[in-house]
Amino acid sequence: SYFALDTVSGGSRDRKKLGVDEETMIIWVYGEDAFRLRAKVRQLREAFEKKFDTVGMNVSVFPASAEGIDAHEVLQAVMSLPFLSEKRLVIVRDLLASIKKPDANFLERWARIPDSTIFIVQETGETNVVEKHPLFLASTAAHHYAFPILQGAARDRWVREEIASRGGSIQPDVLRLFVETVDGDSWTTHQEIEKMLACAQGGVITRAIVSELVNVNAQGNIFALMDAISQKNKALVMQLLESQRAFGSEEGYLFHMLARQARLLLCVRSLLDDRVSVTASDVAHELKIPPFVAGKTLSQARAYTRATCEHLHDRVFESDRQIKTGV
């Protein structure tokens, strides 16, 4: 359940409404599916602000940066008392990368988070890796929201629920066509759902709508874009970007897809360096990505050197940092 932030003196009932244990206010939101993860954190934050933060002074967010996060600065914010409110919210993104092995002093302070603080740890990464971290293991009474990459029936169910939540509907056979056509992550799928519903009369998504509107080449155009970048073909890069914009893709979505592909290329290149005979099935299994994406990325990675992949990844990371920090 989501926040139902009824306040009662003493905090016991309040904690139960929050959906966390009575002895903690730590909430872990983590996993590989960045879209659903961020949506969950946004929902939690909006619920908190509506109930507790009318003055706009009780939410602290710590984004990851190239230098990492000052863990003790985070704890200082967590320990601070709320301003003209009963609660304060602290959100920290990708904390674990900055704390490989927390010392005893840090763990002792971690265990003394006050009742007045709701602490959301937002971690983008493999669920099994997050769940093995000492801080995660130390949060024995915390509440957890795990968001692994959706596959099979779980993905079908999520797509159906996303459409229904926006007042739309889709028949099982059309849903299957859509899922097979889009063949992308949650970011891609969400973008395509928005486009279909914008054109669906009465909210019913038909086979014709899927065939006409869903960008079959959403992922394919990213592959083409990466090829154009590697060939330093600026004219083709601009042409591909403009075609995506004309189709309705937002710049944030395009950057996300480019960043995702840069990460995948580096991962696949690393697999190739370790084992030349790696197959598309190996890649799909290791990276938990659709077979189509695995096959295309593997083919593309063979044309790149490790140094080129690392350079591309660093450039994308730096652009992301500048966008988020304004520096």
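These notebook entries record what I looked up in a predicted model of a protein.

**Entry 1. Ground rules.** I number residues from 1 along each chain as its sequence is written, and my side-chain values use heavy atoms, with hydrogens and water left out. For this predicted model, local features need pLDDT of at least 70 and side-chain atom pairs count only at pLDDT 80 or more, while totals for chains, interfaces and linings use all residues.

**Entry 2. Confidence.** I began with pLDDT, the predictor's confidence in each residue, from 0 to 100. The mean for the protein is 80, and 84% of its residues reach 70 or more. I then compared the elements, namely helices (H or I, at least four residues) and strands (E, at least two), which are DSSP runs numbered from the N terminus. Over residues 1-23 pLDDT stays under 50. Where pLDDT is low, the predicted coordinates should not be read in detail.

**Entry 3. Aromatic pairs.** I looked for rings of Phe, Tyr and Trp (its six-membered ring) whose centres lie within 6.5 Å; planes under 30 degrees apart count as stacked, over 60 as edge-to-face and the rest as tilted. I found eight aromatic pairs. The rings of Y30 and F136 have centres 5.3 Å apart and planes at 75°, so I recorded this pair as edge-to-face. Because Y30 lies in strand β1 (residues 26-31) and F136 in helix α6 (residues 134-138), the pair ties together parts that are 106 residues apart in sequence. Both Y30 and F136 are buried, where buried means under 20% relative accessible area, exposed over 50%, and partly exposed in between (1.4 Å probe, protein chains only). F35 and W158 form another edge-to-face pair, at 6.1 Å centre to centre and 80° between the planes. F35 belongs to helix α2 (residues 34-52) and W158 to helix α7 (residues 152-165), 123 residues apart. I noted F35 as buried, at 11% relative accessible area, and W158 as buried, at 10%. Ring pairs also link W28, Y30, F106, W110, F119 and F136 into a cluster.

**Entry 4. Helix α8.** Which residues of helix α8 (residues 172-182) are buried? I listed V174, L175, F178, V179, T181 and V182. Seen down the axis of α8, these buried residues fall within an arc of 165°, so they line one face of the helix; the arc is that of the directions from the helix axis to the C-beta atoms. On the other side of α8, P172 and E180 are exposed.

**Entry 5. Nonpolar cores.** I defined a nonpolar core as a set of buried Ala, Val, Leu, Ile, Met, Phe, Trp, Tyr and Cys residues joined through side-chain atoms within 4.5 Å. The largest has 26 residues, of which L265 and V283 touch the most other members. Its largest share, nine residues, comes from α13 (251-274). A second, separate core of 24 residues includes L75, V78, F136 and A142.

**Entry 6. Positive phi.** I checked two loop residues. L84 has phi near 55°, a positive value in a residue other than glycine, and is found in the loop between α3 (71-79) and β3 (88-93). I noted L84 as exposed, at 66% relative accessible area. D94 also has phi near 55° and is found in the loop between β3 and α4 (104-110). At 26% relative accessibility, D94 counts as partly exposed.

Key. Contact = heavy atoms within 4.5 Å.
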